[in-house]
Every structure is written in structure tokens, then in C-alpha cells.
Amino acid sequence: MKQPSLIRRRQFVKLGTLAASAALLPTGARAATAATAATAPGAPYALPALPYAPDALEPHIDKLTMEIHHGKHHAAYITNLNAALATAPDLAKQPLDKLLSGLTAVPDEALRMTLRNQGGGHWNHDFFWKSLTPAKSSGKPSAALAAALETGFGSMEAFKKSFGEAATKRFGSGWAWLVAQDGKLKITSSPNQDNPLMQGIVPAADVGTPLLGLDVWEHAYYLHYQNRRPEYIAAWWNIVNWPAVSARFAAV
Ligand code: MN3
């Protein structure tokens with residue numbers, strides 16, 4: 001799947017010059033800029049800006065969680081991914097989704113594991129931010145997606161229940177996914193930063209085109225929800241970007 005808005009080298013230069021005026025920016029943007037500035041010049045990936053203000057998802061996801069999640073956690077995956085790719089210039093030229101779907105072709109086991117964790121971390125978070133939107137613009141699934149969800153799961157409510165169960169039951173850190181797989185919709189979950197693109201890494205039955213992903217790492221919710229993961233999941237439905245999910249479905 002194409003990721004047109006992953007910020008590449010040229011935009012990095014622009015972001016770097018912005019760092020000088022970072023003191024004028026709101027806290028979230030300042031954290032993001034600082035993290036970006038920490039990335040080596042010429043590195044293949046830089047932290048993409050959030051598509052909304054860090055407080056725009058409140059009360060469902062709080063501002064401080066967003067600032068740390070984006071400006072620190074997501075930024076760290078990118079820093080580590082760039083460091084790994086500095087040793088593998090051929091892999092650095094590949095689009096990230098291709099790199100992740102072809103991980104088993106990377107012969108060096110340690111490098112493969114780093115790309116899996118840090119590359120997965122970057123891809124998943126970029127996808128996650130774009131999967132969310134302020135509650136007032138959450139919208140609803142397109143008619144085609146709504147019909148497919150009803151066919152696949154019985155009803156919208158049944159889909160949400162199954163997805164929520166997959167997210168709740170994922171032990172430790174990981175993700176829940178809605179994927180398109182051979183013309184059907186399916187709910188899966190993955191540990192750590194694995195995702196449904198990773199052929200040969202995740203079980204074959206879980207490989208597909210991601211339409212929606214939910215981060216259930218504690219860093220995604222603990223400040224506000226503490227141990228109440230199901231409460232976070234229930235609130236999260238209010239800020240799902242259904243137009244974006246519907247567009248992904250239409251493209252499959
Ligand atoms: Mn996360």
C-alpha cells in the first residue's frame with residue numbers, strides 16, 4: 001500500500017529550519033520538531049506532523065498522551081529505523097510498506113528484527129494518526145464498507161464487539177486490525193509493532209491490507225485510562241476517521 005505522506009528527505013530540510021523557531025510552537029509541535037531535528041540529515045524518514053492538533057481528540061485521547069505518543073514514541077521508532085537503514089542503503093531506497101512485506105528477504109537476523117520493530121513502529125503510527133480524526137468529523141462507514149462489515153460480521157455492533165475483544169485480549173503490547181484479505185474483511189491482532197503487511201512474520205492467516213488499526217500499547221492510553229484498556233477502546237470509536245477507512249476499503 002502506498003504511503004504518500006511519509007515525509008522524506010526534502011521535507012526534512014524544511015522541518016530542520018523550523019527548529020530554530022520551535023520555542024514559538026505549542027508544546028506538542030515543539031516536541032515533534034525537536035525529535036525531528038534529532039534525526040540525522042539525509043536520513044530516509046522524518047516524523048510526519050500530526051494531521052490535527054494534539055488536543056483535537058479530547059476527551060477521548062488526551063493532549064499529553066498525544067504529545068508523548070507522537071513526539072517521543074513515534075519519533076524514537078523513526079530515529080532507530082534511520083540508524084538501522086544507514087547500514088543498508090539498498091533497503092533505505094524501498095518504500096516502507098514494501099520493506100515490511102519483504103522482511104523475510106533480509107538475511108541479517110538482527111537487522112531484520114530491528115526493521116520489523118522500528119519500521120513497523122513507524123508504519124503503524126503513521127497509519128494510526130491517519131485513522132483518527134476529531135469526533136465531530138468521525139462520520140460513518142461508506143455504504144459499501146457498511147455493507148461489507150454487515151456481511152462479514154453480522155452487524156456494525158457485532159463488528160465493534162469482535163474488534164474490541166481482539167484489542168482487549170491482545171496480551172501485553174500490540175495492535176488490533178481490520179484487514180481486507182482475499183475480498184473479505186477480517187479482524188486480527190498482532191504483538192509489538194508487527195502488522196498485517198509482514199508476510200512470513202505474522203501468521204499467513206493474518207496477512208492482508210490494513211483498513212483500520214488500534215494501538216493497545218500502554219503508552220497509547222495509560223496516562224488517562226491507566227489499566228482500563230476496555231474504556232480506552234470504547235472511547236476510541238468516537239474518533240475513528242471513517243471517511244479515511246472507507247477510502248482504504250474502496251482502494252482494495
Ligand atoms: Mn504507539
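**Entry 1: helix α7 and its cover**

I looked up what covers the buried residues of α7, and the cover includes α8 (156-169), β1 (174-181), β2 (184-191) and α11 (242-251). Contact here means heavy atoms within 4.5 Å. Helices (H or I, at least four residues) and strands (E, at least two) are DSSP runs, numbered from the N terminus. The model is predicted: local features need pLDDT of at least 70 and side-chain atom pairs count only at pLDDT 80 or more, while totals for chains, interfaces and linings use all residues. Residues are numbered from 1 along each chain as its sequence is written, and side-chain values use heavy atoms, with hydrogens and water left out.

I then listed the buried residues of helix α7 (residues 143-153): Leu145, Ala148, Leu149 and Phe153. They lie on the same side of α7 because they cover an arc of only 100 degrees around the axis; the arc is that of the directions from the helix axis to the C-beta atoms. Ala143 and Thr151, on the other side of α7, are exposed. Buried stands for under 20% relative accessible area, exposed for over 50%, and partly exposed for values in between (1.4 Å probe, protein chains only). I noted that Gly154 follows α7 and has a positive phi, near 100 degrees.

**Entry 2: backbone in the loops**

I examined the peptide bond from Glu58 to Pro59 and found it cis, with omega near 5 degrees. Pro59 belongs to the loop between α2 (27-37) and α3 (63-85).

I recorded a positive phi, near 50 degrees, for Asp182, a residue other than glycine. Asp182 sits in the loop between β1 and β2, and it counts as exposed because its relative accessibility is 77%.

Gln226, also a residue other than glycine, has a positive phi near 50 degrees. I located Gln226 in the loop between α9 (222-225) and α10 (229-236). Its relative accessibility is 29%, so Gln226 counts as partly exposed.

**Entry 3: the manganese site**

I identified the protein donors of the manganese ion as His69 (NE2), His125 (NE2), Asp215 (OD) and His219 (NE2), lying 1.9 to 2.1 Å from it. Donors are N, O and S atoms within 2.8 Å of the metal (3.2 Å for Na, K and Ca); water is not among the atoms, so sites may look incomplete. The sequence spacing of the donor residues is H-x55-H-x89-D-x3-H. Distant parts of the chain are linked by His125, in helix α6 (residues 109-130), and His219, in the loop between β3 (209-215) and α9, 94 residues apart. I found both His125 and His219 buried.
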